[in-house]
Amino acid sequence: MLSATAASEQIFSSDKAEFRLETVAQNLEHPWSLAFLPDGSMLVTEREGRLRIIRDGSLVDEPVSGLPELVVSGQGGLLDVILDPDFETNQILFLSYAHKVSREGMTTRVARAKLDGNRLADVEVIFEALPRGTTGRHFAGRMEFDRDGNLYVAVGDRGEMNRAQATDDDAGGVHRLTTDGEPAPGNPFTDDPTVNDTFFTYGNRNIQGMTIHPETGEIWSHEHGPRGGDEINIIRAGNNYGWPDVTYGIDYSGVPITDKTTMEGVTDPLHYWDPSIAPSGMAFYTGDQFPEWQGDLFVGALKMRKLVRLSIENEDVKEEEDLLEDLGERIRDVRMGPDGVLWLLTDHSDGKVYRIVPAE
């Protein structure tokens with residue numbers, strides 16, 4: 001594994017560009033998500049339960065205070081942070097995180113809060129996935145806004161696969177909310193009493209990347225399969241993405257989960273990986289620093305410790321390239337920055353924030 005200094009000095013090559021990594025911050029404990037503030041600062045979540053600010057190129061020592069009550073357990077903790085579309089005027093942000101009640105277990109929550117300097121004010125829980133579960137797995141937690149200002153929240157199957165097909169159970173799907181936490185107008189199941197009104201899709205195992213397509217405005221996601229079967233999907237109203245009835249993966253024990261990779265009524269993935277790469281974070285490149293990458297989709301990988309570049313035409317993957325394999329870091333998040341370059345978070349007890357900048 002390269003040190004932060006060595007990584008900043010090494011030139012990395014792709015088929016289309018040469019680049020290097022610039023270390024912006026380090027000594028973060030399992031950073032999970034990154035958000036860019038209008039003043040040029042950044043917010044970074046640490047899974048261990050801290051929200052940090054990077055200001056003037058330096059990590060502020062004191063974490064943001066006033067976070068909602070949360071639990072750090074297994075894959076759970078403080079997860080995603082996303083700014084309200086009107087953040088510049090209202091300073092409102094949203095956090096996803098794991099929460100525990102002693103008798104009932106753990107779940108995924110979303111809270112809305114106002115960023116007031118170095119503290120959160122007016123913290124309010126707007127979504128809670130029910131029922132709770134006892135495992136520390138598959139909280140999901142990725143969020144994204146569409147162009148109408150609706151908030152998409154991914155909830156994993158919580159390590160209990162059959163919950164993803166139970167539509168009276170919030171696990172295993174994507175929920176579309178207003179910023180007040182109400183079911184978004186036009187949600188596909190509001191007239192069906194057997195499906196919770198916030199559901200937008202179901203049959204999702206554990207979504208760890210979500211982003212908006214810069215041209216179509218559709219929400220794209222990827223999710224972890226078991227052993228094999230990591231998927232990229234376009235999140236469309238009412239779709240069933242099949243888990244666990246269909247999958248390209250098998251159980252961790254080696255036992256088949258199903259013999260089906262497709263079936264009627266289930267949406268096939270746009271792309272899948274077998275063996276698994278454990279994707280995390282995703283972003284379309286829309287900047288001007290790497291014109292050769294314009295429109296490409298970038299996906300981080302935890303298990304395979306790399307960054308994947310996908311060239312896409314319409315909804316077909318035409319090219320796939322592995323980057324940063326020599327770095328040896330688990331890539332947790334990938335973001336398109338307002339400065340025209342990609343930003344990365346590494347999942348480690350000494351996690352880092354990197355910028356991908358042109359080699360010259």
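Me: What do β11 and β12 form, and how many residues lie between them?
Reply: β11 and β12 form a hairpin, with 5 residues between them. In the turn, G149 has a positive phi of about 85 degrees. Strands here are DSSP runs of E with at least two residues, helices are runs of H or I with at least four, and both are numbered from the N terminus.

Me: Before we go on, what kind of model is this?
Reply: This is a predicted model: local features need pLDDT of at least 70, side-chain atom pairs count only at pLDDT 80 or more, and totals for chains, interfaces and linings use all residues. Residues are numbered from 1 along each chain as its sequence is written, and side-chain values use heavy atoms, with hydrogens and water left out.

Me: Which strand do 5 bridges join to β12?
Reply: That is β13, residues 173-177, and it runs antiparallel to β12. V155 stands opposite G173 in β13.

Me: How many residues of β12 are buried?
Reply: 5 of its 5 residues, 151-155, are buried. Buried means under 20% relative accessible area, exposed means over 50%, and partly exposed is in between, using a 1.4 Å probe and protein chains only. L151, V153 and V155 are buried on one side of β12, and Y152 and A154 are buried on the other.

Me: New topic. Where is N206?
Reply: N206 is in the loop between β14 (199-202) and β15 (207-212).

Me: Why does N206 count as buried?
Reply: Because its relative accessibility is 3%. Its side chain reaches the backbone nitrogen of A140 at 3.1 Å. Leaving aside neighbours within four places in sequence, N206 is in contact (heavy atoms within 4.5 Å) with residues including Q75, H138 and H224.

Me: Which residues lie nearest the centre of the second largest pocket?
Reply: Q75, H138, R205, H224 and Y252, out of 31 lining residues. On a 1 Å grid over the protein atoms alone, a pocket is an open set of points with protein on both sides within 12 Å along at least five of seven lines, a cavity is a set where a 1.4 Å probe fits but cannot get out, and lining residues have an atom within 4 Å of a point. The volume of this second largest pocket is about 560 Å³.

Me: And the largest pocket, what is its volume?
Reply: About 690 Å³. A volume is the space filled by probe spheres set on the grid points, which are joined across faces, edges and corners. The largest pocket has 29 lining residues, and F36, I82, E144, R335 and M336 lie nearest its centre. Elements that give two or more residues to the lining include β11, β15 and β23.

Me: M336 again. What is its bridge partner in β24?
Reply: L342. Between β23 and β24 (residues 342-346) there are 5 bridges, and the two strands run antiparallel.

Me: What is the strand order in the open sheet of 5 strands?
Reply: The order is β1-β2-β25-β24-β23, with antiparallel pairing. β1 (12-13) and β23 (331-336) are the edge strands, each pairing on one side only.

Me: Last one. How many cavities of 30 Å³ or more are there?
Reply: There are 4. The largest cavity has a volume of about 50 Å³, and R205, Y241 and W243 are among the residues that line it.

Conventions. Pairing = 2+ DSSP bridges. Polar contact = N/O pair within 3.5 Å; in protein donor to acceptor, adjacent residues only side chain to side chain.
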